Amino acid sequence: MIKKLIGPATSLAAPVTLVAAWWILSAGSTSPYFLPLSDIVDGFQQTWTTERMEDDLLPTVRALGVGFAVAVVTGIATGVALGLSARARRDLRPITEFLRSMPVVALVPIGLVVLGPGQRMEAALVAFAATWPILVSTSDGVRAADRVMIDTARVYGVSARRRLLRVTIPAAMPQVMAGVRIAVAAAVGTVIVANMLASSSGLGYLVISAQQSFDIQETWSGLLMIGLVGSVLTCTVVLAERVLLGWHRQYRSLERTAP
Amino acid sequence: MSTRAVVSTASADPRTGGMRSGAVRRWSRWAEPALVVLALAACWQAVSVLDVLPREDFPPVTAILQALVSDLQTSELWAAVGASMEAWVLGMLVVVSIGVPVGMLLGASSISYRMSYLTLEFVRTIPGIAALPILLFIYGIGQDLTVSFVVLAALWPLLIQAMYGMRDVDPVAIETAKVYGVGHIRRVLLVDLPSCLPYLSTGLRLSGTFALIFAIATSLIVGGEGLGAEMARAAVVGDRPLLYARVLLTGLIGLVVALGLTTLERRTLRWHVSQRGAQS
Amino acid sequence: MPIATASEPTSEQNSAATAPRNAQERPVVLEARHLGVTYGRGRSAVTAIGDVSFQARAGEFLSIVGPSGCGKTTLLKALSGLLRPTTGEVRVNGTPASGVTPGVAMVFQEYTRSLMPWQKVRANVEFPLRGTGLPKRELAARAAKALSEVGLADVGDKYPWQLSGGMQQRVAIARALAFQPNVLLMDEPFASLDAQVRGDLEDLLLHVHARTGMTIILVTHDIDESVYLGDRVIALSHRPTRVRTTIDVDLPRPRDQIHTKALGGFIDLRTRVLELIVAERSVDPDS
Amino acid sequence: MPIATASEPTSEQNSAATAPRNAQERPVVLEARHLGVTYGRGRSAVTAIGDVSFQARAGEFLSIVGPSGCGKTTLLKALSGLLRPTTGEVRVNGTPASGVTPGVAMVFQEYTRSLMPWQKVRANVEFPLRGTGLPKRELAARAAKALSEVGLADVGDKYPWQLSGGMQQRVAIARALAFQPNVLLMDEPFASLDAQVRGDLEDLLLHVHARTGMTIILVTHDIDESVYLGDRVIALSHRPTRVRTTIDVDLPRPRDQIHTKALGGFIDLRTRVLELIVAERSVDPDS
Amino acid sequence: GGNDTTSKSESGELKVGWLPFAGLGGWQLALDKGYFEDSGLKVKKVELRTPADVVPNLLNGTIDFSALNPGNLAQALAQGLKLKIIGTTYMVNNDMSILSMKDSGITKPKDLEGKKVGLIQLQNNNHAALLKTLENDGVDVNSIKFVLIPATEMPAALRSGQIDAGHVLYPLAATMAGETNTVIENMTEPYGEQPVQAYNIVSAKFAAENPQLVDKLRSVLARGNQLASSDKEALITAIAEITGAPEGLIRTSKLPAFGTDLKIESSQHELELMTKYGFLKDPVKLADYVDES
Ligand SMILES: Nc1ncnc2c1ncn2[C@@H]1O[C@H](COP(=O)(O)OP(=O)(O)OP(=O)(O)O)[C@@H](O)[C@H]1O
Ligand SMILES: Nc1ncnc2c1ncn2[C@@H]1O[C@H](COP(=O)(O)OP(=O)(O)OP(=O)(O)O)[C@@H](O)[C@H]1O
Ligand SMILES: [Mg+2]
Ligand SMILES: [Mg+2]
């Protein structure tokens, strides 16, 4: 029973301490950009009215969700393909590495012209940016899958499709999930940039317009909300990971507990 | 790409590569990627020339290449590239020296992991760009700001990979080291670190690219010196071929960085499953 | 391999079970023809198998013995089609093999790594059967039977890494048995088992062999075992491996631990094999 | 563990080499006191070791036998300090152990996974010696000696995964020998070796034991081996494990394959141990 | 927090927050003609991208002076940020137009109803002026969708049809000559003749600590502006230098106006309009923030 409580308690300890420290240290702040935490919290409540959530939060969350889902699917699919075929990897490397190093800002023009300003463009940019970390991790994970395990499946005449789904991908799963978690940050960053540059609503727009009108309180509200949205997305990923990699956690944590 | 096609190539024994003659292999190693690049360039050329996208805004490859060639002969461009690369190097130094040890530490113990995890997840998902107003106030425009952007963006991939890598170290290997009385520090250096290398290498490649993107884009978004600022300059006057030449240059630098890191990986991971096929 | 030949072993297997146990009459299922395998290229190349030829007839039980590091595992991999030989060829039912031979099961020497850590024991055993169109019920029944045959009826719900080494090895054997292959390749499958369990499993194997008439090729370093189980014992030389001798084991079947091992013929045979092995240098020639 | 006691075994080992081979007089190096190990919690808990007590005296060679899955590996892990027992305790030189015992070497049953794939064979063998302040020369010499003792003098420059199963196992043994431990724990170290190499390594072990007087605890499922090598054989029961019997092996030393195994005492002893094992049910009681 | 701007010694280097706008033509001339050196000042450009970046950099001392439009300035002052106006940077000169593509059929304000209009910044003084202009023309502004488009992408957005009309900056507007209709000639009309588009700004702290320096700066910048308003050729060269655009292109573009009048009144009117449209909560009195010499 106590063990059950200790888990959440340890994970909450650090954030609680940090927030408390922030609260106390910032209390008397007069710096225009570092507001007392109490003001930030007040601002957060004022900013995030229901109406505001519908106007600025919802579109961003929607674009983020759709884009991220697309990224997970394409990232894993292409990553697996590249991981399996040394030739595809070699032939496509110039292209993938080139595209991967494109700043989103440089892609906004193309998105703008092809899809127009709005959620479709944002989702597309998110999908583009978030695909790469997943793709790279997946392809590395697939390449690292244990040969003995794959040979076992081959010998038993397991079809290529099943071998892929039941052996290679599960074996690559720890790497894949690491990639997915990295992609969360890329996705959030991208949706915010797209919002800032070419949207008339959304979280990024809120932050940039608050910034341009020097409403620091609202800037902080936007920042906090971005952190929250990102955290929620991460939590979803972590939950998925617990389901998919439950065995892995037990497997590894078990021997780790030895002195 | 259909899974079936890919799987069938993969299931062929890696040794089949040995059957083909060396010359053919060497030729195809360069020729095939080059063909892919040419094909894509041709696609863009067609899209532009046929006005599928407005030609004024999406100039043909030929015009972009022309602009690139003449641009490469100006010293301003090289100064800008130099500034961006400096930010990249500085940023990566910080990223590696923080990301690897902290990530490994967090992955090593479930307690430290649990304690830091919520805070990290929250901080990590706030993109640097959103914190721009605050960062701008802290650093002001300049290399410091660029480096801090680079670090904010590039730290996490490496850190997370290090964390996952640490959790994937083979317990039998750890037990072996423990039983032989190998001390903590040496165990980290000689068992944990090499075990994590495949993960770190993935992380490094991801971080390297993120860092590059931000080293370049920061000057595009907020100003200061760098390749991004040069892009902005081209954009302001509507010189599209020049703008895309500079974007192309960004991608080329990315390519060079990635190939460099891949070579490094091939050296350090000679022993790893992912590289073994290449040897046999 | 064309489908026509792929299905052949099944019919042969059925006939083999009833056919007279005259080895020379039965068709050749698996054949190694001047097989050679070299790992690596250039200066670091290691020729594991020099030139190995032999035939396995339908329903035959072949034991392979040879010094450590001589290339037994490599040979099994080549026979199963996992590894393309550098020279020579493997023929399956008379046709040159390309890719993995269908209807083959293999128990790997590295059994720990051949079990999927994310699947529970039962799922691991069922794994090769899934996707073959077998009804769920039948599948579960086969897995349960195989697990209980190897003495692990109660661990289906555990993960492989929660088992001891010997138990994991038995799971790998159960997986192979549940698959009901035409050809069963086993790479030192009893290495981690205690004498008692080992004996039980040897008898189980004899029993399965007699019942189904499957072709079995067993790599072992236990001379008694090679003689006790096999119709023939193939003794391999040091690296680069050749077939040193083939010894026909003309002990009557069914065999059992007590009677067979007490037979004069058994003692003679094991002494002969032992002598052959001792004649080889005890460690790699290049050491 | 305090440093004072940590260094003790070394002096004992020296004295043991010269001291009269009277087991009762030598100090207890390792002791299990009502040891119990349970994996997991709640409904899925598995009690691997029920209640095991025994003592290992300096310079003693202890063989442990027991059915598959009874908890032998678990026992070794507890003795080495890798695993904290659930109940009871392990005492090292009379002091309760905390953490890993210094001066212990272990050959893991999962030998493939205990070799570092990124290090070549030589580096793997040198690995535990590095950082002990040993001069480079000495280090290289020890590794080379150990490798050649196990018959692998020429593979120092290969990666472990380029070796056969048996060769990898020998590398793991070489690593333990090069370490020159006070206490050597071995978990079925010869499982993947052919009869010839196995015999050679058994004799090597006897030789090293006689020369250094180190304490050796060997888990094996080969009854002959347990009797041939050990001063005592501890036979374990099924899970939850207890010590079933301890049998003193009063065969004279030095022993050798031909003479010792021909002794009447040897045959009697191995039959006694065998009977004990057969008396246990052949597979897990709950199956 | 930001580094201190301790009082600059008179010989110290001044850092100017530089924006790639033609409106800084007067400043460029002051640089080119050595007016700063004449007054014993040294200057260094710090390149910024948007007016919003000006304020934090001023406050933390990364830059010492810069230019800011009245809308942003009012918003910053309303937030209590301590800034001072020390002069006029440049003025709008009938040079802000709303354009549409020739084939779109949009030629007059009324045609914009129900359409998408691209602006480079939303909810600022220009947006307010545009709304007022449209209302004056009897256009239903609620039917128009205003979208944010980066200045550099406005031509592409127009050409691809993603927006129906938009505010194209010079010199980009000149590159589209011949392709476009002018829907609204002068969108800042409600602010009267040549309203101030940017003021010279320093932080209040800087102004208080370096009164003499500020005086010098004021006169140097005024000298530059005077030259800019009198010598068109010199101005074109200066703008070419700032924007990197070819001189020919600039010659065909509308150019901003330069002067030294503060015109606080008309700016105050802008703020009232912004407040009316809800873009500004608190129409501060700009006159209170002028740093008199
Ligand atoms: N990590 C684990 N989690 C849960 N149960 C475990 C774990 N490791 C071992 N066990 C259980 O503990 C028991 C003893 O395991 P152990 O590996 O010690 O056996 P062993 O005597 O070494 O067997 P073998 O001769 O087969 O190697 C087994 O029943 C096994 O299922
Ligand atoms: N991947 C590899 N790369 C290079 N050499 C290899 C590789 N795998 C095996 N070898 C070499 O091939 C030879 C034969 O190996 P193999 O595993 O077939 O032996 P084995 O007869 O199964 O031995 P054991 O009885 O010890 O398992 C060995 O000398 C080994 O070093
Ligand atoms: Mg082998
Ligand atoms: Mg064990």
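Buried area is taken here as the accessible area that two parts lose on being put together, summed over both. In the predicted model, chain B and chain D bury about 2100 Å² between them, of which 68% lies on carbon and sulfur atoms. Val179(B), Tyr180(B) and Trp271(B) supply 35% of the area that chain B buries against chain D, more than any other three residues. The contact involves 20 residues of chain B and 25 residues of chain D.

Polar interactions also cross this interface. Two salt bridges are found between chain B and chain D, including one in which the side chains of Glu175(B) and Lys77(D) meet at 3.4 Å, N to O. Five residue pairs are in polar contact across the interface of chain B and chain D. On the side of chain B that touches chain D, the elements giving two or more residues are helix H8 (171-179) and helix H9 (184-221). The largest share, eight residues, comes from H8(B). By class, this side of chain B has eleven nonpolar, six charged and three polar residues.

A metal site was examined in chain C. The magnesium ion (ligand 3) is coordinated by OG1 of Thr73(C) and OE1 of Gln109(C), at 1.9 to 2.1 Å. Thr73(C) belongs to helix H2 (residues 72-80), whereas Gln109(C) lies in the loop between strand S6 (104-107) and helix H3 (111-114), so the pair ties together parts of chain C that are 36 residues apart in sequence. Thr73(C), at 22% relative accessibility, counts as partly exposed, whereas Gln109(C), at 12%, counts as buried because the cut-off for burial is under 20%.

Methods
Residues numbered from 1 in each chain as written. Chains lettered and ligands numbered in written order. Predicted model: local features only at pLDDT ≥ 70, side-chain atom pairs only at ≥ 80, totals over all residues. Heavy atoms only, no water. Contact = heavy atoms within 4.5 Å. Buried area = accessible area lost by both parts, 1.4 Å probe. Salt bridge = Lys/Arg side-chain N within 4 Å of Asp/Glu carboxyl O. Polar contact = N/O pair within 3.5 Å; in protein donor to acceptor, adjacent residues only side chain to side chain. Helix = DSSP H or I, 4+ residues; strand = E, 2+ residues; numbered from the N terminus. Nonpolar A, V, L, I, M, F, W, Y, C, P; charged D, E, K, R; others polar. Donors = N, O, S within 2.8 Å, 3.2 Å for Na, K, Ca; no water. Buried < 20%, exposed > 50% of the residue type's maximum accessible area, 1.4 Å probe, protein only.
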